[in-house]
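Have a look at the picture first, then follow along with me.

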Amino acid sequence: MKKLITISLLSALGLGGVALAEGPGHHGRMLEKLDQNHDGRLTKAELQSGALARFTEIDANRDGKVTKQELAAHREAKMAEHRANADGQPDTERGERHARMVERFFTKLDANKDGVVDAKELSADLNDRFESLDVNGDGVVDAAEMASGFGHHGQCGDGEHGKHDHDRS
């Protein structure tokens, strides 16, 4: 479940689009967004950099912490932008999914349970997720690892459709 939350986080941070399971090629688009040197592979530093940049964008009051309200407001703005580019009609189901995502995000990533997620909590979780995606342990995630690391509805690792944690010893 924690991996699913991180994937939801990447989505919330605008790094995974609206949701990671939006169809074929979506994982490739996420890789393209994060791959700063455009070599087709994602390093831990690139993942951290991209996620922390979006984290800063979501942190509306610039206190180094993201609240539920800040994340929800950011998601609502992104959904409004999407609606403006689509048919202009509200997507109630998507809104409900995003509200649940915000709750799961805070439940899992707020390690000290203070009601906010700070950059340290985010960074620790991203390190764990990177390790789980880097199947061969070479320090980079390529398109194949990215695609195989996500199962049904963007679930990474913990679900029956996702890749399972592995032993690198």
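In which helix is the place of Leu-47? I found Leu-47 in helix α3; helices here are DSSP runs of H or I with at least four residues, strands are runs of E with at least two, and both are numbered from the N terminus.

**Ground rules**

I am reading a predicted model, where local features need pLDDT of at least 70 and side-chain atom pairs count only at pLDDT 80 or more, while totals for chains, interfaces and linings use all residues. Residues are numbered from 1 along each chain as its sequence is written, and side-chain values use heavy atoms, with hydrogens and water left out.

**Overall layout**

I counted seven helices and four strands in the protein. Reading along the sequence, I wrote down the pattern α-α-β-α-β-α-α-β-α-β-α.

I then looked up burial, where buried means under 20% relative accessible area, exposed means over 50%, and partly exposed lies in between (1.4 Å probe, protein chains only). Of the 169 residues in the protein, 42% are buried. The protein exposes about 8,600 Å², and carbon and sulfur atoms supply 52% of that area; the areas come from the Shrake-Rupley method with a 1.4 Å probe, and for residues only the protein chains shown count as cover.

For contacts, meaning heavy atoms within 4.5 Å, I noted those with a separation of 6 or more: residues 24 or more positions apart account for 58% of them.

**Confidence**

How confident is the predictor, on average, in the protein? The average pLDDT (the predictor's confidence in each residue, from 0 to 100) is 75, and 67% of the residues score at least 70.

Leu-47 is 82 residues from Arg-129 in sequence, and I read 10.0 Å between their C-alpha atoms.

Gln-48 is also in helix α3, which spans residues 44-58. Gln-48 counts as buried because its relative accessible area is 10%. Leaving aside neighbours within four places in sequence, I found Gln-48 in contact with Ser-123, Leu-126 and Asn-127. Leu-34 is 14 residues from Gln-48 along the chain, with 9.1 Å between the C-alpha atoms.

Next I looked at how the helices pack. Two packed helices are described by the angle between their axes and the distance between the axes. The axes of α3 and helix α6 (residues 119-133) come within 10 Å and cross at roughly 145°; axes are lines fitted to C-alpha atoms, for helices over the stretch in contact, and angles run from 0 to 180 degrees between N-to-C directions. On the α3 side I listed Lys-44, Leu-47, Gln-48, Ala-51, Leu-52 and Phe-55 as making the contact, and on the α6 side Ala-119, Leu-122, Ser-123, Leu-126, Asn-127, Phe-130 and Glu-131.

**Loops**

His-38 sits in the loop between α2 (26-34) and β1 (41-43). The phi of His-38 is near 55°, a positive value in a residue other than glycine. His-38 is exposed, since its relative accessible area is 66%.

Arg-62, in the loop between α3 and β2, also gets a note for a positive phi, near 55°. Its relative accessibility is 53%, so Arg-62 counts as exposed.

Asp-138 is in the loop between α6 and β4 (140-142). At 42% relative accessible area, Asp-138 is partly exposed. Thr-43 is 95 residues from Asp-138 along the chain, and their C-alpha atoms are separated by 9.7 Å.

**Aromatic rings**

How many aromatic pairs does a search of the whole structure find? I got one. The rings of Phe-105 and Phe-106 have centres 4.9 Å apart and planes at 90°, so this pair is edge-to-face. My cut-offs: rings of Phe, Tyr and Trp (its six-membered ring) pair if their centres lie within 6.5 Å, with planes under 30 degrees apart counted as stacked, over 60 as edge-to-face and the rest as tilted. Both Phe-105 and Phe-106 are buried.
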